[in-house]
Amino acid sequence: MLFNSLHFLIFFPIVTLLYYLLKQKYRWILLFIASTYFYSAFFLPYILILYFIIIIDYVCGILIENSKNKTKLFWLLYSIISNIGLLFYFKYYNFFIDVFVEYLPNVKHLDIILPIGLSFHTFQSLSYTIEVYKGKQKAEKHIGYFANYVLFFPQMVAGPIERYDCLGKELRSKHVFNFKNISNGLRLILYGLFVKMCIADNLAPLVNEFYSNPTQYYSSSAWIALIAFSIQIYADFYGYSTIAVGAARLLGINLMDNFNQPYFATSFYQFWQRWHISLTTWFRNYVFFPMGGSYVNAFRWIINVLLVFALSGFWHGANYTFIIWGFLHGLFYLIEKGFSNFIPVFIAKNKIFLTFGAIATFTLVTFIWVFFRAENFDKALLVIKQCYTYTFEAKKDLLINIQTITMLAVFIVFEIVIYKSRFDLFFQNQKTVIRWFVYIILAFCLLLFSGIQSYQFIYFQF
Amino acid sequence: MKKLFYKLCAALLIGAFIIFVSNIIYTKYFFKNDLVLLDAKMLMQLDSLQYNSDVLYFAESSNGTTANSDTCLLSISQMIDTLSPLKINAVEHGAIHAKTYLNLIKHINSNALVKTLVVTLNARSFGSPWINSKLETNLSQANVMYESMPAIFKRIKLTFNAFDNKSVQMRDYINEQNWSKSKINVPEEFPYKNVRQWDNAMAYGTYLLPNGDWDVPKISLACHYIKTYAFTIDTLNNPRIKDFDEIVTVAKQKNLKLIFHLLAENVQYADSLVGKELHHIMQENKQLLMDRYSRKGAIVVNSFELVNGKDFIDQNWTTEHYNQNGRWILAKNVFRYIK
C-alpha cells in the first residue's frame, strides 16, 4: 500500500481509531494484522518472506542470549547468513550471474519480483540480533512485539531503519490518545504528501524524459535534469520518511528522523550525517566500527572508508552504478578530510567559506547522483558527457513549467523557515491563523499542483 | 471533548470549502491541460461529435491505421460514412478497450443528435496479454478522466493512485501466471496442458529453415499467436465482459441503437502457423461473444473471418490493422446493419 493512495487514507484512520479503542495489551495484535495487510497490498505471497525473517531472528535472538562463545557466534552467523542469503537470492543473484556468466554458462536468471523494501527489513532485523550478540539488547521473548518491530507498517518498506532499543520500547509503551500527537502527526503527513506529490512527482517526468534520451538535449538541459533529480530523490525519500514519522506519531510512536536538511550541508561529512541517517548509522555501527573504525593505520582507514561507502552503494541496488555512486562519495569524503587538516579553524568557521562549502557539496552530490539514476554505466557517462557537450546543432530544451517552479519555490521557503527544526515542531508554536493559512496553502497545492501522474517511491525498490 | 468536536467540524468545513473552490479553479484552468497530458482527448472529441453525428463509431487503431501501399486512406468509419446518408464520425484512439468506450458512452447526453453507436468488439482484447498490457496503467489513468464525477475528484483519484496502477513487472508476472494456469479447451486430446507448455513446445524448433537452423521470425510469430489467442473467455471474471455488458445496459438506458462490430482476426495465419487447435479456440470465443451479445439485444456484426490474411497490414504481429481492401470489406459489412 502506498502512503499517497486513497487506500491508505481509508486504511490508516480506521487503524488509528481501533488502536486507541483497544487496550494496550491487545494493540500488538492490531498492529500485526494492519502491517500484514499493508504489506500484502503490494504482493500477497511476499509477506511470507517477512514472516520467515521474523521467525529466524526471533529464535536466533533467544538462542544467542542463552548461548556462550562459539555457539553464540554460530547463532549470530546463522541469522546473518539467513538474512543476507535472502537478500542475495532476491536482489543480487541475477547480478552475480551476469558478473560470472563466463564461469556459469548454464545458470539461468531468476524470473522473480524483488520484494518491496527487502533491504530495509533485513537490515533492521539484523541490527537486533547483532545488538543481542553484543549484549546491548535483551532478547525479545514476545514474538508479537518482535514481529511488529520488523513489520511496523509506517516504516516497514523504506525505513527509517530503526534499532530495537528505540522502536521495541516504543511499541511496548502505553500510548494514550493525545491531541498534540495527533495534530503533529497530521502536520507531518500533510507536509510529507506535499513534498512527495508536489515536488518529487512534478520533477519525475522531467528527469525521466531527459534520462530516456540524454543526447537529444542541450548541455544546459542536462544540468537542469541533474539538479532536478537531486531535488526529486530528496523530495521523494524525505517526503516518504516524513509521512512515516507522522503516521507513527499519530499512534503515539516516535520514529527517528531520517533527514536533517542534507542539501544545507557544508561538507560531505555533514551530508552523511544528514542524509538517510538510519542507514549511515547502521553501516557505521555494524560495518565500519567492526572493521576497526578510525583506530587503524591511515592506509587501512582509507580502504575501510571506501569499502563502507561502496557497500552502502551496493545496498541500494544490484548494479555497478550504485557501487560507483557509493565509492565516489567515499572518495570525496576522503579528499575533504585530507584538505580539512590544512584549513585553519577561523577560515573553516567563516560564513563565506561555509557557503562555498555548501554550494560545492551540493554540486558534487548532484553530479554523483548521475550514477544512482542512470540504468547503467554507459548511460551515466553519456549523461556526464552531455553536460559538457556544447553544440550548434538544434537540440531540445528541457522545459520546466511554471507550476513546478512555483512548487519548488514554496518548498524552498518552507525548508528555510523550518531550518534547524521540523515542520510539526515549528508550526505547533505558531498562531492559529498562521497555522491554518499554511495548511490551506498546502491543501490547495496538493489538490491543484501535485503531479498528475503519480510515481512510486524511489526507495521502495531497495 | 466538545472542543475537539468543534475543531473537527471546523476542519471538515474548511476541507469541503477547499475542495469546492479547487474544483472551480481546476475545471476552469487545468482540466483540459490534464486531458492532453494524460492522452485523454477523446472526451473533447466526443463533446464536439455527439451533437453533429447520427452514428458514432467507437474504435481503437483498427479504424484508422493505413498501409503504406494504400491509395485510399479513408478509415473504416469514413468509408461507412461515404456509403451511408447518415453522418458517421469516429471516436477513436490507439490501444483502447471497452472500459474506455463505456466511460465515454456514459457522457452522451440525452439531447445529443447521435442515435446509433457502433462499438468495435475486439476478441483479442479479452485475452490476458491485452488485459495486463503495459499500456494498461496509462489507459486506466485516461479512464479516470473519462469517469462521470466532478473534475477535482478525478484529479484526487489520479494523484492518490485510485486506479489500476500495477507496475510493468507485476503485469508481466500476472500474464505469466495466467499462461501457466489457463487450460487449453480443445475437443481432441492435446499434449499441452496450458499456454506456457504449448508456447514452450512451439519455441523449441518447430519451424526450421532449409539449412536446418531455426526459423526464428516464424517461431516468434507462432508463439505470439498462442499467447495472444489461446484463452477461453471467463464470462464471470473477465473485465472486458463486464465492460461490454455494461455498455449494453447504458445504451439501453440512453435509448441508443447498439451495434458491436466483431473485428476480423487473422484466423488464416493462426491456423496455418499454429494449427487447428488454436483455430478452434478462436472460433469458440467468437461464438461466445456473438451469442452473448445477440442475446442481450445488441446487433453483432460478424467480421471475424472476413478479411484475408494478406490484407492484414502487420504480417509479423497480431493486430487488427487492415489495408484498404480489408477496411472496405469491413465498412460494407457494418454499413448493412446501419441502414
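Colleague: Where in chain B does Asn132(B) lie?

Modeller: This is a predicted model, in which local features need pLDDT of at least 70, side-chain atom pairs count only at pLDDT 80 or more, and totals for chains, interfaces and linings use all residues. Residues are numbered from 1 along each chain as its sequence is written, chains are lettered from A and ligands numbered from 1 in the order in which they are written, and side-chain values use heavy atoms, with hydrogens and water left out. Helices are DSSP runs of H or I with at least four residues, and strands are runs of E with at least two, numbered from the N terminus. In these terms, Asn132(B) lies in the loop between helix 5 (128–131) and helix 6 of chain B.

Colleague: Is Asn132(B) buried or exposed?

Modeller: A residue is buried under 20% relative accessible area, exposed over 50% and partly exposed in between, with a 1.4 Å probe and protein chains only. Because its relative accessibility is 8%, Asn132(B) counts as buried.

Colleague: With which side chain does the side chain of Asn132(B) make a polar contact?

Modeller: Contact means heavy atoms within 4.5 Å; not counting residues up to four places away in sequence, Asn132(B) touches Arg171(B), Ile174(B), Asn175(B) and Asn178(B). A polar contact is a pair of N or O atoms within 3.5 Å; within protein, one must be able to donate a hydrogen and the other to accept it, and residues adjacent in sequence count only if both atoms are side-chain atoms. At 3.5 Å, the partner side chain is that of Asn175(B).

Colleague: What is the relative accessible area of Asn143(B)?

Modeller: Asn143(B) is found in helix 6 (residues 136–146) of chain B. Leaving aside neighbours within four places in sequence, Asn143(B) is in contact with His97(B), Lys99(B), Thr100(B) and Asn103(B). Asn143(B) is buried, and its relative accessible area is 5%.

Colleague: How many salt bridges does the rule find across the interface of chain B and chain A?

Modeller: In this interface, 29 residues of chain B are in contact with 28 residues of chain A. The buried area, which is the accessible area (1.4 Å probe) that two parts lose on being put together, summed over both, is about 2,500 Å², with 73% from carbon and sulfur atoms. A salt bridge requires a side-chain nitrogen of Lys or Arg within 4 Å of a carboxyl oxygen of Asp or Glu. Between chain B and chain A, the number of salt bridges is 0.

Colleague: Which helix of chain B gives the largest share of the side that touches chain A?

Modeller: There are 5 residue pairs in polar contact between chain B and chain A, both residues at pLDDT 80 or more. Helix 1 (2–37), helix 6, helix 7 (151–159) and helix 8 (168–181) of chain B each supply at least two residues to this side. With 13 residues, the largest share comes from helix 1 of chain B.

Colleague: How far apart are the C-alpha centres of domain 1 and domain 2 of chain A?

Modeller: Domain bounds come from an automatic or database domain assignment, which divides chain A into domain 1 (6–175) and domain 2 (180–449). Their contact takes 35 residues from domain 1 of chain A and 30 residues from domain 2 of chain A. The C-alpha centres lie apart by 26 Å.

Colleague: Which three residues supply 20% of the area that domain 1 of chain A buries against domain 2 of chain A?

Modeller: The two domains of chain A bury about 2,800 Å² between them, 70% of it on carbon and sulfur atoms. Supplying more of the domain 1 side than any other three residues are Phe95(A), Phe123(A) and Pro160(A).
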